[in-house]
Structures are given as C-alpha cells and as structure tokens.
Amino acid sequence: MERILVSLGFEIKDALDNVLVIKVPHFRHDIKNVADITEEIVRIIGIDNIIAKPLQIDEVNRVNKTSNDLIKKNKLRFKAIENGFYETLTYVFSSKENLQKYGFKTVKDELELINPIVKELNTYRTTILLNLVEACANNFKVGARSTAFFEIGTIFDENRAESKKIAFIQTGSAESEDFSNSGKPKNIDFFSFSKKVLNTIGKFDLEPMTDIDNDFIHPFQNANVLIDGIVVGYICKLHPSVCADFDLNDTFVAQIDFEAIKNDIVKTTSYSKFQSSKKDLSIIAPKSLEYREIKRAINSLNNSTIKQFNLIDIYHDEKLGDNESLTIRFVLQNNEKTMEDEDITSTMNSILDVLNEKLSIGLR
C-alpha cells in the first residue's frame with residue numbers, strides 16, 4: 001500500500017504500528033477522506049483480486065442498570081397481572097392537604113411546585129398508596145365493588161430526592177359471586193393479600209411494625225416486609241377511618257422498594273425422590289418471644305433434611321400465665337434415602353436442643 005500511494009504522488013509521513021500518516025498531494029482535489037484513499041489502492045490492485053470477507057461488527061454491550069430495571073419491571077408486571085392485579089399509571093403529583101391529613105411526609109415548602117397543573121395535584125407525591133386508594137374509590141363510585149391495582153412508579157422524600165416503589169391495593173371480595181359461595185364471597189384477608197404480593201415480588205419475611213408513621217396503617221393488621229433481613233416496605237390493612245372517608249370495604253395495601261426486589265437467575269436443583277414425613281412440635285415459649293427468633297434458631301442448624309416448617313397453632317390459657325403454646329409443623333425429607341424413625345427422632349431432638357440452648361424453651 002505504501003508503494004502504491006507513493007507512486008500515485010502521496011507522501012507517507014509515518015508508518016508505525018500498521019498506521020499510515022499520509023499527506024495528500026495538492027492537485028488531488030477529489031481526495032477528501034480515508035475512503036477515497038482506499039479507493040485508490042483498490043483501483044490499482046483490482047477489486048477482483050481482493051478476497052471477499054464477511055463484514056464483522058463488534059456490538060457494544062448495552063446491558064446496564066436501566067436495561068436490567070426494565071427487564072425486572074416487566075417481570076413484576078407480568079407476575080402481578082397473573083395474581084389478579086390491574087396496572088395503573090397515576091401522576092407523580094398528589095394533594096398536599098390529603099398527604100398531611102393522613103400523616104404522610106410532604107416536600108419542603110421551598111421545594112414545592114410553583115405552578116401545579118390543578119389544585120388537587122399541588123405537590124410531589126411521597127407515597128403511591130394515596131393515588132391507589134383514590135383510584136379504588138373512583139372505581140367504587142361506578143359500581144366496581146372489588147378492585148385490585150398495582151403501580152410501579154417514583155415517589156419523593158422531603159428533599160425531593162426520587163426513589164422507585166411498587167405498590168399494591170385490593171379492596172372488597174376475594175373472588176367473584178358464584179354458586180360455590182352462594183353469591184356471598186368473603187372479603188380479602190391479610191394473609192391472602194400477602195400471598196399475592198409474595199407470588200409477585202418473590203420471597204420475603206414479615207414482622208410486626210413497631211413504628212407506624214401514617215394513618216393508613218391499621219394498628220393491629222400490619223407488618224414490615226423484610227428481604228435478606230432488611231426492611232424494604234410494609235403491608236397492612238387500610239385503617240377503617242380511611243376506608244370510611246373513601247367509602248371502601250375491607251382494603252389492604254402494600255408499598256415496597258423496587259430496588260430491593262431481587263432479579264437473580266433462578267437455579268433449579270434436583271428434588272428428593274423419597275417420601276417426606278410431617279412432624280408437629282408443640283413448645284412452650286414466653287409471649288414476649290417473637291417467632292422470628294425461633295425461626296432463626298432452627299435455621300442455624302443448616303439441616304438439609306428440614307425442607308420446611310411453619311407455625312400452625314398458638315394456644316394460651318390461664319394455666320400458662322405469661323407463656324403460650326406454639327405448634328410448629330415440620331416437613332422432613334432426605335435426598336438419599338427414606339427416613340427411618342431413628343432419623344426423624346434424631347432431627348427433632350436436634351431442633352429441641354438448639355431451642356433449649358439458644359432460647360431456653362422446650363416441649364409443652
């Protein structure tokens with residue numbers, strides 16, 4: 001290429017590391033760019049003498065947080081719809097008067113909207129729940145006695161810093177009127193609603209709320225949502241006084257941090273082909289002892305034969321005093337063989353030992 005270009009009157013300034021620095025002769029006014037110089041070389045060699053190669057384009061990796069969030073958002077949308085929720089899209093604005101009425105924080109006065117679009121939307125929303133409650137109330141006015149909505153959107157704190165949340169709401173009956181329920185379906189309850197949320201966002205734990213910071217939260221039906229031990233939101237029944245204000249039946253709401261929801265690839269593992277066994281364990285524990293402490297103690301065993309355990313009954317009477325009886329049902333299964341009575345007894349004894357060692361509680 002150097003020889004051809006020099007023969008055509010070009011001047012090669014430098015040829016280091018396969019890079020040519022070329023000075024174009026003044027009389028070649030048709031040479032404007034690199035492509036024109038390439039054409040000169042091709043013209044001399046002959047295009048038919050050049051072996052054709054497929055064009056190779058190295059695509060830039062465009063996977064980033066924005067694309068990952070979009071994938072996660074679409075997954076959550078599909079899951080929510082599968083569980084009976086309808087997606088809503090509301091303004092990122094709200095009524096400052098209503099936010100203050102129900103105890104929600106509001107944006108600082110110096111950061112407020114200067115020219116709101118309407119009087120009812122005169123501030124940035126600090127929660128999605130008020131918008132969803134108003135949407136349910138509007139649907140109730142047109143005859144929808146049972147509604148379930150969700151929304152993924154932005155909220156603001158007092159300093160107008162943005163964060164993304166996913167919020168759920170369900171009001172009215174848990175199912176439609178049918179012959180099986182004699183035309184009188186039961187209203188949605190706390191755990192049915194929580195199960196729908198769990199089926200949407202994935203595994204989480206619940207613990208009673210100790211700090212109620214707004215008037216939407218029912219004082220006796222509420223729970224913090226924990227993912228990996230960190231509080232990321234809450235689930236609760238809507239306070240009866242709020243339901244009365246909006247003319248709603250039993251209503252449940254949840255608001256969870258979008259960023260905290262996992263979007264990991266699910267890795268499947270083989271399951272045991274051997275029969276499982278169920279064993280109930282009734283223990284006496286102080287009323288002040290939270291179940292999560294018992295759960296944490298049992299999980300510390302890291303026993304692979306304990307596939308699942310759930311609290312199924314709580315009993316207390318005058319004889320027990322400040323204590324109560326908790327019945328926990330265990331599902332035991334070995335991956336390599338059918339569990340014998342000795343294996344089951346050994347596992348249950350290890351559970352009793354760790355409960356006695358860490359929490360000083362034992363059999364009823």
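Student: In this model, is Ile 298 buried or exposed?
Tutor: Start with the cut-off. A residue counts as buried under 20% relative accessible area. Ile 298 has 3%, so it is buried. Keep in mind that this is a predicted model.

Student: Where does Ile 298 sit in the fold?
Tutor: Look for helix α8, which covers residues 291-299. Ile 298 is part of that helix.

Student: Which residues does Ile 298 touch?
Tutor: Contact here means heavy atoms within 4.5 Å. Set aside residues up to four places away in sequence, and Ile 298 touches Ile 306, Phe 309, Ile 328, Phe 330, Ile 351 and Leu 355.

Student: Now a strand. Where is Leu 311, and how open is its position?
Tutor: Leu 311 is in strand β13, residues 306-315. Partly exposed is the class between buried, under 20%, and exposed, over 50%. Leu 311 has 30% relative accessibility, so it counts as partly exposed.

Student: What is Leu 311 in contact with?
Tutor: Leave aside the neighbours within four places in sequence. Leu 311 is then in contact with Tyr 291, Leu 326, Thr 327 and Ile 328. Take Thr 327: it is 16 residues from Leu 311 in sequence, with 6.0 Å from C-alpha to C-alpha.

Student: What about Lys 164, in which strand is it found?
Tutor: Lys 164 is in strand β7, which runs over residues 162-171. Its relative accessibility is 28%, so Lys 164 is partly exposed. Beyond four places in sequence, it is in contact with Ile 152, Gly 153, Thr 154, Asp 257, Phe 258 and Glu 259.

Student: How far apart are Lys 164 and Ser 282?
Tutor: In sequence, 118 residues; in space, 43 Å between C-alpha atoms.

Student: Are Cys 136 and Cys 236 buried or exposed?
Tutor: Cys 136 has a relative accessible area of 1% and is buried. Cys 236 is at 0% and also counts as buried.

Student: Next, backbone angles. Which residue has a positive phi of about 60° although it is not a glycine?
Tutor: Asp 247 has a positive phi of about 60° and is not a glycine. Asp 247 lies in the loop between α7 (240-246) and β11 (251-257). At 51% relative accessibility, Asp 247 counts as exposed.

Student: Where should I look for Ser 360?
Tutor: Go to the loop between α9 (341-359) and β15 (362-363). Phi of Ser 360 is also positive, near 60°, and this residue is not glycine. Ser 360 is exposed, with a relative accessible area of 61%.

Student: Step back to the whole chain. How many helices and strands are there?
Tutor: Nine helices and 15 strands.

Student: How do I read the overall shape?
Tutor: Compare the radius of gyration with that of a compact globule. For 364 residues such a globule would be near 21 Å, but this chain has 33 Å. Along the principal axes, the C-alpha atoms fill a box of roughly 110 × 70 × 45 Å.

Student: What share of the residues counts as buried?
Tutor: Of the 364 residues, 37%. The accessible surface is about 23400 Å², with 50% of it belonging to carbon and sulfur atoms.

Student: And the contacts and charges?
Tutor: Take contacts between residues at least 6 apart in sequence: 62% of them join residues at least 24 apart. For charge, count 46 positive and 55 negative side chains. The centres of the two sets lie 3 Å apart.

How values were computed. Residues are numbered from 1 along each chain as its sequence is written. This is a predicted model: local features need pLDDT of at least 70, side-chain atom pairs count only at pLDDT 80 or more; totals for chains, interfaces and linings use all residues. Side-chain values use heavy atoms; hydrogens and water are left out. Helices (H or I, at least four residues) and strands (E, at least two) are DSSP runs, numbered from the N terminus. The radius of gyration is taken over C-alpha atoms; the globule rule is 2.2 Å times the number of residues to the power 0.38. Buried means under 20% relative accessible area, exposed over 50%, partly exposed in between (1.4 Å probe, protein chains only). Accessible areas come from the Shrake-Rupley method with a 1.4 Å probe; for residues, only the protein chains shown count as cover. Lys and Arg count as positive and Asp and Glu as negative; His and the chain ends are not counted. The place of a charge is taken as NZ of Lys, CZ of Arg, CG of Asp or CD of Glu.
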